[in-house]
Amino acid sequence: VVSTQSTGLQLMSRQIVWDDLDKKKYYFWGCTVFLGIRVCVYPANLVKTRLQVQRGTDVYRGSFDAFLKVFKSEGILGFYRGFPVFALGVLFGQAYITTYEYTKHKCSDMNLIMQGLLPGCIASVAGQSLSVPADVVTQRLQIQGMKRRDPKKVDLQTATEKTNTRGSLRAICRKIMKYDGISGFYRGYFISLMSNVPTSGIWWASYNVLLQEIGKYFEPDSLGTHTLPVQATSGVLSGAVSALATNPLDVMRTRIQTGGSRSLVKVTKKLWSEEGSSMFTKGLTARALSMSTSSFLIVLGYETVKRLSHKNRTSTSWTLDRY
């Protein structure tokens, strides 16, 4: 019987770890690749936010209906409202993944699940501390353009004239400062931690387990690591698992950050009175689609970045060897 510690070490031996990387190449390729990934996943993220913000089905009847209506009323550019602010997440993402890799390196003697769960949670705290202000502004930009029959059915900054922040990026930032002060940019920070910390931990723990279970049926590549198809498949499944496990927390986080009550208890009660048990699955399809798609692209991108940044890389030939 193989011990959990040995299993953890075996997993590490089939992955490119922190000490294997040329850091200059790593940060260059990381920023370049992940900016492209954000361009791809942003439309699903915008639709997810709009579905979670609306009350009931007054604006959109579901994910497909939302995609169709956004395209018809706002065109392709409508899917990229607030993207410039969202793009800053590339920098925050580097802080996140650096924290994850360094912590994972320190946890290399732990078991398989803890190698993903603990570093994933710690990295999320570091990343959220930097990214929450950008998330708050991005989400308020995303919900602009929502055409609703009854304004009271959509939580646009609590649907009050006082806090309506429709307008430019500068106007939104000025109004947040005017009515909430600097704390307004950290609206929902703790609920963001409650949502994203377990999401991150569950994602990485699931990824490690799935990587081992799927990877044992396939030979490693020429670097001795899992092949990209194995990693990508594990990433997609991990995205679906973490989306399902944490969706209610994500709904609450979105409601709070887009202008609802700052009280988690009040938001939960309000959601339950309005949505009932459907609050647990509100926007789940769009979120699962967003997370699975982003997980697929992120894993492909990140594992490729690690390969491109490997200290022992002398040519690109190995990237196609035993793909």
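Is K69 buried, exposed or partly exposed? K69 counts as partly exposed, because its relative accessibility is 28%. The cut-offs: buried is under 20% relative accessible area, exposed is over 50%, and partly exposed is in between, with a 1.4 Å probe and protein chains only.

A word on the model first. It is predicted, so local features need pLDDT of at least 70 and side-chain atom pairs count only at pLDDT 80 or more, while totals for chains, interfaces and linings use all residues. Residues are numbered from 1 along each chain as its sequence is written, and side-chain values use heavy atoms, with hydrogens and water left out.

Back to K69. Its side chain meets that of D65 in a salt bridge, 3.2 Å from N to O. By salt bridge I mean a side-chain nitrogen of Lys or Arg within 4 Å of a carboxyl oxygen of Asp or Glu. K69 and D65 are four residues apart in helix α3, so about one helical turn separates them. Helices here are DSSP runs of H or I, at least four residues, numbered from the N terminus. D65 has 11% relative accessibility, so D65 counts as buried.

Now the other salt bridges. The count comes to 11. One of them pairs R50 with E74, with the closest N and O atoms 2.7 Å apart. R50 lies in helix α2 (residues 23-53) and E74 in helix α3 (residues 63-74), so this pair ties together parts that are 24 residues apart in sequence. Both R50 and E74 are buried.

E275 and K282 form another, at 3.4 Å from N to O. E275 is buried, at 15% relative accessibility. K282 is buried too, at 9%. There is also a network: K48, D250, R253 and R287 are joined by salt bridges that share partners.

On a 1 Å grid over the protein atoms alone, a cavity is a set of points where a 1.4 Å probe fits but cannot get out. A pocket is an open set with protein on both sides within 12 Å along at least five of seven lines. Lining residues have an atom within 4 Å of a point. Volume is the space filled by probe spheres set on the points, which are joined across faces, edges and corners.

How many cavities of 30 Å³ or more does the whole structure hold? The search finds three.

Helices supplying at least two residues each include α2, α8 (189-215) and α11 (284-308). By class, the lining of the largest cavity has 18 nonpolar, 18 polar and seven charged residues. Here Ala, Val, Leu, Ile, Met, Phe, Trp, Tyr, Cys and Pro are nonpolar, Asp, Glu, Lys and Arg are charged, and the others, Gly among them, are polar.

The largest pocket holds about 220 Å³ of space. Its lining has 15 residues, with G56, T57, R61, K282 and G283 nearest the centre.

Last, Q94. Q94 sits in helix α5. At 9% relative accessibility, Q94 is buried. Leaving aside neighbours within four places in sequence, Q94 is in contact, meaning heavy atoms within 4.5 Å, with Y26, Y27, G30, C31 and F34.
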